[in-house]
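Here's a quick tour for anyone meeting this structure for the first time. Have a look at the model below, then read on.

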Amino acid sequence: MKKEDGESDETITAMEIQDDRKSTCFIQFSKFIKEVLVRMKQYKDELLVSCIELVLSVPKQFVDVSQFLLSLQMAFKLGLGHHETAITALSAVDYWRQVKNDELRQFLPEILPWLNNYLLIQHEDQGAIEIDNDDEAKNLEAIRDRKEKSVHHDVQLRIVRLLAKFGGDNVNILKEINLTDSSTEASMAWDTSQHVLFTIPFQGSKAEIYLDNLLPRIVSLAEGANDRQTKVAACELLHSVVLYMVGTNAKLKPLPVYKLYEHIFPAVLRLATDVELIARQLFEPLMLQLVHWFTRNQSYENVETMVLLDVIIDAVGNPTNSALRDFSSKCLAEFLQWSIKQTSAKQQEKNPFNVKSLFKRLYSLAHHPDPYKRLGCALTMKKLYR
């Protein structure tokens with residue numbers, strides 16, 4: 001530091017020490033934020049939300065849009081069920097537009113499409129709330145519903161104002177159609193033939209309906225419906241259809257529905273760790289029941305059993321959803337436990353085929369170049385040893 005007139009050596013030394021402390025503090029904060037960005041992929045629920053809010057609230061000196069992009073996308077995904085997180089994400093984008101506009105514009109095609117789900121939420125004007133003096137619970141539910149719709153409306157207004165600030169760049173809210181993307185599966189058949197027949201008895205006749213063509217749309221609504229009532233109804237319908245499929249195949253002549261299971265089981269797993277409480281309550285026990293049922297197979301590498309196992313193995317190495325990884329490792333531990341429980345001691349000595357299938361896939365995960373696949377293997381082994 002250059003010495004100016006009237007400054008003593010002690011003053012210059014003190015200022016240099018203060019500058020060094022500021023630099024050290026800045027470096028420490030930068031390292032801490034980068035560590036949070038890495039570790040938050042292993043967190044879930046409240047801890048994950050807290051980390052997201054921390055990252056999205058840092059001053060402009062620490063902002064690197066390319067590194068914060070995943071956190072922002074996670075915030076918009078969680079924000080559909082947790083409005084405070086959505087507001088934090090919108091505030092972050094608006095702040096970055098002011099201080100990092102050129103850098104932010106490069107990533108708008110990856111950010112703005114996440115806002116589309118919020119704008120698709122519809123609200124009906126129901127007028128004044130009708131008070132029922134005899135049913136306090138009903139009154140509280142009506143007030144809670146009105147408050148939730150009001151919050152959704154406020155979020156939509158903020159999104160519209162934000163899009164207006166981006167000018168012509170707001171066209172990026174419309175993402176390109178990718179036929180290989182899972183979001184387009186609702187318009188594509190899962191199998192070339194129909195298997196899931198549901199008969200509705202009427203007086204004097206029976207109506208036969210195949211549910212195969214409805215399944216993609218049901219799964220799409222259960223996972224991605226913006227209206228909570230629609231999502232809950234789709235979840236309940238999907239839950240019933242899965243039980244019907246498994247039960248029908250158990251009683252009657254088994255049908256080759258494994259191609260349907262290849263799409264249904266991943267959705268059931270994701271819904272078991274969804275932010276929606278009702279979805280978790282429905283599908284978490286259902287997934288464990290499916291594991292119990294399909295470990296009853298009597299042949300090596302049974303098609304349906306291996307479809308279920310492969311789906312869980314794939315989910316346990318998910319790079320972004322830590323809740324999905326944890327639950328999948330629990331399912332794999334359940335898979336081993338019930339495979340042993342439902343196999344005779346003689347068969348276990350001769351050929352424990354389900355155990356072989358499981359560990360063959362775990363060994364593959366352990367040697368996978370993807371660190372999250374190896375993490376999934378470690379989580380599973382930890383659950384297996386408990």
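Which helices do the buried residues of H9 pack against? They pack against helix H10 (228–251) and helix H11 (258–272), where packing, like any contact here, means heavy atoms within 4.5 Å. Keep in mind that this is a predicted model, where local features need pLDDT of at least 70, side-chain atom pairs count only at pLDDT 80 or more, and totals for chains, interfaces and linings use all residues. Residues are numbered from 1 along each chain as its sequence is written, and side-chain values use heavy atoms, with hydrogens and water left out.

**The whole chain**

- The chain has 386 residues, and 38% of them count as buried. Buried means under 20% relative accessible area, exposed means over 50%, and partly exposed is in between (1.4 Å probe, protein chains only).
- Take the contacts between residues at least 6 apart in sequence: 64% of them join residues at least 24 apart.

**Helix H9 and its buried side**

- Helix H9 covers residues 215–224, and its Leu215, Pro216, Ile218, Val219 and Ala222 are buried.
- These residues are on the same side of H9, because they cover an arc of only 165 degrees around the axis. The arc is that of the directions from the helix axis to the C-beta atoms.

**Helix H3, mostly tucked away**

- Helix H3 is largely enclosed by the rest of the structure, since eleven of its 15 residues are buried.
- The buried residues of H3 include Val65, Phe68, Leu69, Leu72, Met74 and Phe76.
- Gln73 sits in H3 (residues 65–79), and it counts as buried at 17% relative accessibility. Leaving out residues up to four places away in sequence, Gln73 touches Glu110 and Trp114.
- Gln67 and Leu37 are 30 residues apart in sequence, while their C-alpha atoms are 7.9 Å apart in space.

**A glutamine in a loop**

- Gln122 lies in the loop between helix H7 (116–119) and helix H8 (136–166).
- With a relative accessible area of 70%, Gln122 is exposed.
- The C-alpha atoms of Gln122 and His153 are separated by 9.0 Å, with the two residues 31 apart along the chain.

**How helices pair up**

- Two packed helices are described by the angle between their axes and the distance between the axes. Axes are lines fitted to C-alpha atoms, for helices over the stretch in contact, and angles run from 0 to 180 degrees between N-to-C directions.
- H12 (residues 277–294) and H13 (residues 303–316) have axes that come within 10 Å and cross at roughly 140 degrees. That makes H12 oblique to H13; angles under 35 degrees count as roughly parallel, over 145 as roughly antiparallel, 65 to 115 as roughly perpendicular and the rest as oblique.
- The crossing of H12 and H13 is left-handed, meaning that the near helix is turned anticlockwise from the far one by less than a right angle (clockwise would be right-handed).
- Met287, Leu290, Val291 and Phe294 in H12 meet Glu304, Thr305, Leu308 and Ile312 in H13. The residues of this contact split into six nonpolar, one polar and one charged. Here Ala, Val, Leu, Ile, Met, Phe, Trp, Tyr, Cys and Pro count as nonpolar, Asp, Glu, Lys and Arg as charged, and the others, Gly among them, as polar.
- H11 and H13 pack at an angle of about 35 degrees, with their axes 9 Å apart, and their crossing is right-handed.
- On the H11 side of that contact are residues including Tyr258, Phe265 and Leu269, and the H13 side includes Val307, Leu308 and Val311. By class, the contact of H11 with H13 has eleven nonpolar, no polar and two charged residues.
- H16 (residues 353–366) and H17 (residues 371–385) have axes that come within 7 Å and cross at roughly 135 degrees, which means H16 is oblique to H17.
- The crossing of H16 and H17 is left-handed. Among the residues making this contact are Phe359 and Leu362 of H16 and Lys373, Arg374 and Cys377 of H17. The contact of H16 with H17 has seven nonpolar, one polar and two charged residues.

Conventions:
Helix = DSSP H or I, 4+ residues; strand = E, 2+ residues; numbered from the N terminus.
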